[in-house]
Amino acid sequence: HMANLSSSKDAIDILARQCLVGAGIWDAFGFAPESGLSSFVALQCYSHQMPARDIAVAMQNISRVSLHGNGSQTIPVSFDFPTDDLHSRLQNLDSDTKSEKKQTPFTPPCAYQEALDKLKCLKKLQPNPVSSIWITSVVLLLQEWSIRRGQLGYAASLNCQLHSYLHPRISNYQELTIEAWKQHSLLSCRQGQWDKAKNLTKRLCTMSVDWGLRTQHACLLMQLAMIQLESSPHHFISALDPLLECLSLCEKYAMDSYHAVALSLLAKIHLQLQNTKLAVALLRAALPSILHHAHIWFQGEAYLTLVKCELREAKKTCKRNTTSRNYHHNLPQSLFSAVNYLGKACQSFEKCQDMVRLREVYYLQARVYNEIPGHIKNRNYASRQFGATNRCLAKSSTTSIWQDVLKSLSTGENSIMPSISVN
């Protein structure tokens, strides 16, 4: 009780720890924005009394907010803290990222850039942060960013650097070990080493269970399901086992945000099973939680699945016409819904700069705009973006893991593109 405290310093210490414990609880249930806000309150109000290690952990947690939910709308990039010199490791970061932006076919407000900017701004609180936590926070962000952008050589180097910091004496050794090998699995996927990625993810699932890391276990099960879907898009039933296990785990421990993400992945399987209406129902039920709590990449993935659902419905309902006069009036409404969802998917993937997914989005935009009269400029723009993104990926060693769009969307009985054309 506060009445039994001997000094105001003890009271402030308890309030600070209360905020940090609250951040941990929010994070355990998958609510990253709320977790970041709790850490932000702790730093804003009690940082002068907090130990250096607690400050570093809170800084790391706040930086993650840019990648989840509404990103910088939850916590702004700039903070009103006392000014200080920036960390020497990040002094040249702005110039490096600006030069990289010129080489890419899109101009984002990048979520990873915002996360690093948060770390730079929070550095004003502590000119000499705990080195292990600070460095691993930066390297984790840079590595995931590199994988998304298709810079796999750079990502592999960062992965080696990250593993060099793994030591049982660091405070968050177990969580960091899981995260480091999880990104290694993602890197293996982008390199086309599917068996290696599957085996590694399965071992990580076992490790997370042994260490009692429930949230990491749920995330790994979802990653394993995604690997199954990406590596064998026509043998998608194998993704059901990890996905159903993840749903059961999330229901047992009330991890609602992860449950919503798992439902969006289940919708992808229902789409493959031709259960389009059920897939749409699952996505619309899960989307509010995904948009508020989930990683930006999963937001884009949910919208992209909705696009494919709408295109499949468009294929079922569209009618062939021989005259261009009646063409526009007979276009299915689901085709225009697909245009809307494609725009939202594009925004999400541009924020995380996932060039593999952006290539697929640009391709679908070009195809859909080609079916709608009066959208020649939009079609040509999407085509140019597709070509530019494809050339950037061709320069890297990124494997084409976009579920073989040309085959799965355009040909055969499972085609989801409308079989119509504009004269």
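**A note on two packing spots**

1. Let's start where helix 1 and helix 3 touch: Arg17, Leu20, Ala23 and Asp27 of helix 1 meet Asp54, Ala58, Asn61 and Arg64 of helix 3. Contact here means heavy atoms within 4.5 Å. By class, this contact has 3 nonpolar, 1 polar and 4 charged residues (Ala, Val, Leu, Ile, Met, Phe, Trp, Tyr, Cys and Pro count as nonpolar, Asp, Glu, Lys and Arg as charged, the others, Gly among them, as polar).

2. A word on the model: it is predicted, with local features needing pLDDT of at least 70 and side-chain atom pairs pLDDT 80 or more, while totals for chains, interfaces and linings use all residues. Residues are numbered from 1 along each chain as its sequence is written, and side-chain values use heavy atoms, leaving out hydrogens and water.

3. Back to the helices. The axes of helix 1 (residues 8-28) and helix 3 (residues 52-64) come within 12 Å and cross at roughly 40 degrees. That makes helix 1 oblique to helix 3 (under 35 degrees is roughly parallel, over 145 roughly antiparallel, 65 to 115 roughly perpendicular, the rest oblique).

4. Next, the aromatic rings. Tryptophan 297 and phenylalanine 298 have ring centres 5.3 Å apart and planes at 85 degrees, so this pair is edge-to-face (rings pair with centres within 6.5 Å; planes under 30 degrees apart are stacked, over 60 edge-to-face, the rest tilted).

5. Tryptophan 297 also pairs edge-to-face with phenylalanine 349, at 6.4 Å and 65 degrees. This pair links helix 14 (residues 296-317) with helix 15 (residues 333-352), 52 residues apart.

6. Is phenylalanine 349 buried or exposed? Phenylalanine 349 is buried, at 0% relative accessible area (buried is under 20%, exposed over 50%, partly exposed in between, with a 1.4 Å probe and protein chains only).

Definitions and conventions:
Axes fitted to C-alpha atoms, helices over the stretch in contact; angles between N-to-C directions. Helix = DSSP H or I, 4+ residues; strand = E, 2+ residues; numbered from the N terminus. Phe/Tyr/Trp six-rings, centres within 6.5 Å; stacked < 30°, edge-to-face > 60°.
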